[in-house]
Amino acid sequence: MSQRDATKKPAAGKPAPGGGPPGEDGRPKESRAKARRAARRAAATPGRAAGAALARLRAPLAAFLRRFGLLIALVLSGLLGGLGYALFAPTTYTATAYVLVVDDGDGGQGPAAVSFAQAFGRLAPLPETLAYSSIPLPDGAMAATRDHIQSSTSPDTPLIKLAGSAGTPAAAAAYANAAADALVRYGTSHRTDTGVRVALMSMAATPSVPSSPNPPLDVAVGTASGVLLAGLGAAVLSGRRGRAHQRGQHDASRPPRGAVPSPAAEPVEVHS
């Protein structure tokens, strides 16, 4: 090897051109540090952009919540209330029976039949009336018949609707049928006194689906209640804002306290 070639070789331990000692991959350490910093900046760029976007949305979002937050909370509370009732309310079944009051005098549905239908409807849930029934009630139900038997009548027709409600389908049908049978027997025993007779129109069938809870209906009712409360709240808030605005305009039109009114300008006479 010639002396010129020997002078071209770098000396042992001398740093390679590039500003630092070479690493295992052949690149200087400073170049690798710059690459790492650039990679960290590139990784932080999406997070920084998301933070900037969130900062831009923070003020409009806060203003929106200050104005409509209470109304949104009322609607959501109504919806959640209806959903909670639909999920946790006890299951109830309802069965319905019908009886008809017929006037013996004219053999039809005269005014007397309608009047007695109103009276018999009020007597139907009473334990004294249910004692006439030949259909047994569920065990221990005699003392709570008003909670399980509801009667309704029409002001125009002598028809009595008897609805039995219970936690099982069989118990609901038993309540309705016992009330209908008791009313027919009670009316028959007092037929000579009243001049009307009570006839059974239809027995109650065992229900196949529960009458309550009804999730779609319960959620709709809860949401509607929340919307109604939100509307009332919006009306109240609007009235308060209007009064505050009028009060501010009135205060702005009045002179400040302690201010001395300026003297009126004297008229200037012009002589020709």
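Author: Arg185 is partly exposed, its relative accessible area being 42%. This is a predicted model, and the description that follows rests on its coordinates. The partner of Arg185 in a salt bridge is Asp181, and the closest N and O atoms of the two lie 3.2 Å apart. Side chains of opposite charge can pair when their charged atoms come close. A search of the whole structure finds one salt bridge.

Arg185, at 42%, is partly exposed.

Both residues belong to helix α6, which comprises residues 169-189; because they are four residues apart there, about one helical turn separates them. An α-helix has 3.6 residues a turn, so residues three or four places apart point the same way.

As for the helix itself, α6 has 21 residues and reaches 30 Å from its first C-alpha to its last, close to the 30 Å expected at 1.5 Å a residue. Of these 21 residues, 16 are buried, so α6 is largely enclosed by the rest of the structure.

Elsewhere, the surface carries a nonpolar patch formed by Leu61, Phe64, Leu65, Phe68, Ile72 and Leu76, with about 530 Å² of accessible area together. One of these residues, Ile72, is found in helix α2, residues 29-88. Ile72 counts as partly exposed because its relative accessibility is 34%.

Conventions: Residues numbered from 1 in each chain as written. Predicted model: local features only at pLDDT ≥ 70, side-chain atom pairs only at ≥ 80, totals over all residues. Heavy atoms only, no water. Patch = residues over 30% accessible without salt bridge, like charges linked within 9 Å, V, L, I, M, F, W, Y side chains within 5 Å. Areas by Shrake-Rupley, 256 points an atom, 1.4 Å probe, with all protein chains shown as cover. Salt bridge = Lys/Arg side-chain N within 4 Å of Asp/Glu carboxyl O. Helix = DSSP H or I, 4+ residues; strand = E, 2+ residues; numbered from the N terminus. Buried < 20%, exposed > 50% of the residue type's maximum accessible area, 1.4 Å probe, protein only. Expected span 1.5 Å × (residues − 1).
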